[in-house]
Structure formats: structure tokens, C-alpha cells
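Please read the numbered points alongside the display.

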Amino acid sequence: SRTARPTLQFSENQETSPARMDGSSAEVAKVKRAKTVLTVAAISGSLRRASANAGLIRAAAKMCEESIPGLQIDHVDISDLPLLNTDLEDVDGNAFPAAVEEFRDRVRGADCFLFASPEYNYSISGPLKNALDWGSRPPNVWADRAGAIVSASGKSGGKRSAYHIRQVGVFLDIHFINKPEGFVSAHHPQSKFNGDGNLIDPETGELLRKILLSLRAFALRLIHGNDSAANSGQGS
Ligand SMILES: Cc1cc2nc3c(=O)[nH]c(=O)nc-3n(C[C@H](O)[C@H](O)[C@H](O)COP(=O)(O)O)c2cc1C
């Protein structure tokens with residue numbers, strides 16, 4: 001028998017709790033999550049045309065299509081988002097600017113998240129933090145979903161930015177997989193990406209696959225309880 005999904009308790013204080021969701025979107029999300037194919041909203045923290053992190057997302061999308069049943073990638077472009085400014089909210093009857101509204105819809109409709117982001121100066125890339133912040137505005141659209149982080153960065157592999165994404169995710173109520181950790185030194189000792197930012201390193205591909213399998217198992221556990229993860233063969 002399946003374990004019932006626990007009811008989440010949200011604070012009524014919008015200022016201190018972006019985890020608050022409105023009832024209707026929670027209902028829609030619940031129905032959607034009964035599907036067998038989970039949608040992964042995948043966000044690149046780099047806006048570069050030949051971004052290695054966007055390349056990781058393209059590789060993940062191909063992998064899901066070809067050999068990871070039950071997962072499909074929705075590559076969500078964040079380059080059109082304005083810089084966060086709450087003066088842009090509730091203008092002319094619109095809660096948010098159109099690009100923000102579309103972004104929030106895609107996030108709200110996803111079953112889980114994949115963040116692929118470079119480390120910038122020991123922390124989260126500015127574009128990704130901006131996107132996280134727009135999604136956090138009440139009602140928070142990130143809440144109560146599984147997430148995974150990969151980073152194609154400098155020699156560090158992006159560890160510090162990944163831990164900062166986790167820290168922000170605590171407040172947004174995103175539940176991250178713990179392992180495997182997705183630290184990729186994009187260009188050391190040799191480049192793992194070609195000039196278009198496409199992944200050319202099989203070992204990194206294998207790591208990415210393990211991360212996606214772990215994300216699928218954890219997302220299923222959050223949605224249906226432990227039984228479903230055990231049945232998917234990814235329970236351990
Ligand atoms: C402003 C800036 C700051 C950076 N800071 C770091 C850093 O702190 N640690 C690191 O490992 N790499 C750092 N890098 C290197 C990028 O993480 C690396 O080039 C990454 O592959 C870029 O991702 P992309 O190919 O998806 O654009 C920095 C790059 C830029 C542009």
C-alpha cells in the first residue's frame with residue numbers, strides 16, 4: 001500500500017514564508033504529479049551562448065529521451081527575466097511582468113528541478129539568484145519539490161555555489177538530493193565541452209545520468225511515498 005502524502009503546514013505570514021502556496025495551484029500540481037512522466041524544470045545559471053551548463057541540460061534532455069523512462073526535461077530559459085524589482089509587481093492589473101509570469105508558470109508546473117550553474121566568485125550566478133528570487137515571490141512556486149544541482153565551473157567544480165544554492169533552497173522549501181554531487185571542472189585537466197558547449201566527456205555523462213536517476217527516485221518518494229521509489233528500482 002502507498003504511504004499517504006503528508007499535509008504540509010505553511011505559515012500564514014507571507015513576508016517570512018515564501019513556502020506558502022495558494023490552494024488552486026497546489027491542487028493542479030497534485031493532479032499533474034499523479035502522471036507517470038515527471039517534468040524536470042532545468043535552469044542554466046549561465047546565459048552564455050556556448051554555456052557548458054546549458055550543455056549539461058541538453059545532454060540531460062537527450063538522456064531522458066533516449067534512456068531514462070519517466071523523466072522529461074523542460075529547459076527553462078531565464079535570460080528574459082528582468083532584474084528583480086518589486087515595483088514591477090501589480091502593475092496595470094498584472095501581478096508580475098509577462099516574462100516573470102511565464103517563468104513562474106513553468107516552475108509551478110514542474111515535478112522537480114535541475115539547476116546547472118557555474119560558480120561566480122565563490123557563489124551563485126547572478127542570473128540564477130535572480131530567477132530563484134522571482135520564483136520566491138508570494139505565492140512561492142518552488143515549494144515541496146525535489147531538486148538536483150550540477151555545476152560546470154572552474155577548477156573547483158562549483159562546490160561553493162552548489163552549497164549556496166542549497167542554502168537558498170532551504171528557505172524556498174526545495175528538497176535536494178544529497179548524492180551524487182555534480183561538481184564538474186569544465187576545462188581541467190582538459191575541456192569536457194566542445195566550442196558550442198556540448199558535453200563530450202563520457203565520465204561526466206555517466207555522473208549526470210546517476211544524478212538524474214537519483215532525482216527521479218527522490219521525486220517519486222516525495223510524491224508517492226517510499227513504495228514508489230522502491231518499485232522504480234532506484235530506492236537505494
Ligand atoms: C564572473 C565570473 C566569476 C567566476 N568565478 C568562479 C569561481 O569562483 N569559481 C570557479 O570555479 N569558477 C569561476 N568562474 C569560471 C566559470 O564558473 C566557468 O568558466 C564556467 O564553465 C562558466 O560556465 P558556462 O560555460 O556555463 O558559462 C567564474 C567566471 C566568471 C565569468
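What percentage of the residues in the protein chain is buried?

1. The model under review is a predicted one. Of the 236 residues in the protein chain, 38% are buried.

2. Seven helices and six strands make up the elements of the protein chain. Read from the N terminus, their order is α-β-α-β-α-β-α-β-α-β-β-α-α.

3. Helix α2 covers residues 52-67, 16 residues in total. From its first C-alpha to its last, α2 reaches 22 Å, which is close to the 22 Å expected at 1.5 Å a residue.

4. Several residues of α2 are buried, including Ala52, Asn53, Ala54, Gly55 and Leu56. Further along α2, Ile57, Ala59, Ala60 and Cys64 are buried as well. The cover over the buried residues of α2 includes the strands β1 (38-44), β2 (71-75), β3 (112-116) and β4 (145-153). Helix α6 (202-224) is also among the elements that cover these residues.

5. The ligand is surrounded by 17 residues, of which Ser46, Ser51, Asn53, Pro118 and Gly154 are the closest.

6. At least two residues of the shell around the ligand come from α2, and at least two from β4. Sorted by class, this shell holds six nonpolar, eight polar and three charged residues.

Note on methods. Residues numbered from 1 in each chain as written. Predicted model: local features only at pLDDT ≥ 70, side-chain atom pairs only at ≥ 80, totals over all residues. Helix = DSSP H or I, 4+ residues; strand = E, 2+ residues; numbered from the N terminus. Expected span 1.5 Å × (residues − 1). Buried ≥ 20, exposed ≤ 12 C-beta atoms within 10 Å, placed from the backbone. Contact = placed C-beta atoms within 7 Å. Near = placed C-beta within 6 Å. Nonpolar A, V, L, I, M, F, W, Y, C, P; charged D, E, K, R; others polar.
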